[in-house]
Every structure is written in structure tokens, then in C-alpha cells.
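Colleague: Could you show me how to read a strand and its surroundings in a model such as this one?

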Amino acid sequence: MKKSITPNQIKENNRNLIYQYIYLNQNVSQQDISYNLHLSRPTVTANLNALEEDGMIVKSGLIHTEYVGRKAAAYTIVSDFRVGIGVEILGNEIKILAADLYGREIKSCVHELAYKNDAAYFQNVCKEILAFRDSAMLCDEQILGVGFAIQGLISPDAQTVLYGKILACTGLSITAFSTYLPYPCAFIHDADSAATAELWISPDLKDAFYLSLGRHLGASLIADRKLITGDHGHSSTIEHIVMEPNGKLCYCGKRGCMETLCSIDALLEKSEDPDAFFGQVRSLEPAACTRWRSYLKHLARAINLLHLIYDKTFILGGYLAPYLNESDLTFLYEEIRQLTPFPESSDFLQISKMPKHMIPIGAALPFIQQFLML
Ligand SMILES: [Zn+2]
């Protein structure tokens, strides 16, 4: 039997519709809302007054509207009415970022803090988050939640690390952090974080393979704008596909994994500065160019292999993305063409559109999406 909708649900629904309309269209008049949502003027007026009183929207000047002969008040949402916090947990540091309801950075910071699987470390991370909240002048009520991006596989309920060999944190529960924070907390796989951020700024992106070229390699498979994690949470863990059986030892214990050829760690020494390295590459310093070409050849092999399985757009993201240019893509296409049996087009590789803070922003976004109900 179909459940009937109560007047309260209709009221709530209208309020949400109006809020989302203002969010998506920005600077809209009461008349625009009424016309486009097919709602009566009194209904729209009452909701605008209530949303304004709650601090969720503000008047933002006057705009022309085709429905009345004079200028009308324009409304926008208060973008920091609620915020999401993303924390990227790395071996030697943490990055903290607050994002507003449009997923824009409000403030971010980096702290040197070596990962340790003990209570003192978790408590220190949370202390830094609370100090960050104060320095960003955020109040508890504003914070929707804290997303912790981890170099590891995460359970579907975002509460446990299923596989975390890089930080030796397999089995870690989110309560290690949430005990010290008065907000909802969740884990997110760092590559999924980056892919979430890419989806956020690419509304037309439907299907893609996101390669996170970071200190460690990661990937995320996007189908119909959703991240596909698989039955056991390890879809697209391509970093452990063995490319060279007698190759370098991978942190997983096997040899010659894609990780050992295509991660930034495979390209640069631990202490090597990527800015300096790419400075040498772009000024055609021979030794750096040889090393870069050798890396790109490995990357081309990896992309070809994956593209034979998933014939969709490949996004080259992660911390290497800002250093990539068109000539690198041309080189990759030429390499791939020699490896693949099909006439390969030159249109499936893309450099990430979000080359900065993609991981902490992506970790904050699920809370924002939930709040906006988008
Ligand atoms: Zn491996």
C-alpha cells in the first residue's frame, strides 16, 4: 500500500527543494524559485523567511528578474553554515582541511606527526584538529564530521581499516579518533577521496578510472558516478598487480607490483623534492629526462593493461598531477599505441582537474553531500 505523505513531510520537502535550488543556482530571486519549482509565492516567502532566520541563506543584493518589472532581492546560501573537515593521515605528517558547502577550502594546515598505532598518536591528531577548529574560528555546531583519508582499504561502513600495510594499521577502528572528537567520524581510502573530489568538480564525468599517482599508487573505479569497491572492498587495488615477477619488493610482500614501478616512491628518492626534479626534467637535464621517460614507459604499460579491461576515461591524479603536461600525455599515447592491439585514440587520458588538496577535500565531501542530500 502506498503511504500517504503528511503535511509536515510536504513542508520539509518544500524547504529542502528551495534550499537546494538556491544552492545550485546561486543568486536567485523569490520569483525565480516560485516559477521554476512551481510553488506558490506565499509558500516560497514563508520558507525563505524561515531559512534566513535559521542562518542558512542570506540576501545578497538585487537582481533583474523577468517575472517582475523591477529588481528583486537575490538569495544565496551561507556557504559556511556547515563545514566538513578532511584529515589526510600520512606516515610522517597529517594534513587538515575545512571545506565549505561548495567543497571549497576554508583553511588548511600540515603538521609533522609520525604515525604510530597508539593512543598518544590518536589523541595528538585530535588535539591538532581541535586547535585547527579554533584557528579557523569554527564552532562545533558548524562541523558536520571529520573524514580520515587513509592509505588502506576501508570497510563499507567506513568504520574500520581492512588492509593498512603502509601504516601497519590493519584492523584500526574509527573509535581510535572519534573517542576524542565531538563529531561524526569516518575513514575513507585515500584514492577514493581523490576520486570523490574529482567527481565533485566534474559534474559531467560519468565513468572513469582514477589513478592516484602519489607517494604510493592507488586507484578508484568510477561507474555511473559511483565508486565501485567490490564484494570484498578491493576492486581497483591495481597497485598490487605484478608487472615484474623478479622486480623490487613491494610493501605487500610480493615482488614487482605496479606500486614498485608507478608510484612517486618508484620515481623519486625519499628525500628528493619533486619541484627540483621536474625543474630538471623541464629544462631537459639528461639524467632526469631518462628517469622520467623510464617512469612514463612503466606508467604506459600499466595504463594499457587497465584500459584493455576498462575502456573509459583515465584520469591521472594524485600528487604527481600538477607536474604533468601535454607532452607527457603525447609520450604516453605513443607508448600505449605500441603496446595495444587496437588502433588507440588519443582522447582517453586526462590530467586531474583538482591538483591541490584533492585527498583532504575528498575526505570532507561525504559529510557535505549527506547534508545537502545531493
Ligand atoms: Zn604489492
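Modeller: Start with strand E14, where Thr313, Ile315 and Gly317 point one way and Phe314 and Leu316 the other way, and all are buried (under 20% relative accessible area with a 1.4 Å probe and protein chains only; exposed is over 50%, partly exposed in between). Strands (E, at least two residues) and helices (H or I, at least four) are DSSP runs, numbered from the N terminus. This is a predicted model, in which local features need pLDDT of at least 70 and side-chain atom pairs pLDDT 80 or more, while totals for chains, interfaces and linings use all residues. Residues are numbered from 1 along each chain as its sequence is written, and side-chain values use heavy atoms, without hydrogens and water.

Colleague: In which sense do E14 and strand E15 pair?

Modeller: Strands pair if DSSP finds at least two bridges between them; E14 and E15 (residues 349-351) pair in the parallel sense over three bridges, with Phe314 opposite Leu349. From E14 the chain crosses through helix H11 (residues 326-339) to E15, and this β-α-β crossover is right-handed (clockwise from the first strand over the helix to the second, with the strands pointing away from the viewer). Strand E11 (residues 208-213) also pairs with E14 in the parallel sense, over five bridges, and Ser212 has Gly317 as its bridge partner there.

Colleague: Which helix does Glu259 lie in?

Modeller: Glu259 lies in helix H7 (residues 259-262). Among the residues in contact with Glu259, leaving aside neighbours within four places in sequence, are Arg215, Leu217 and Tyr251 (heavy atoms within 4.5 Å). A polar atom of the Glu259 side chain lies 2.9 Å from the backbone nitrogen of Leu217.

Key: Polar contact = N/O pair within 3.5 Å; in protein donor to acceptor, adjacent residues only side chain to side chain.
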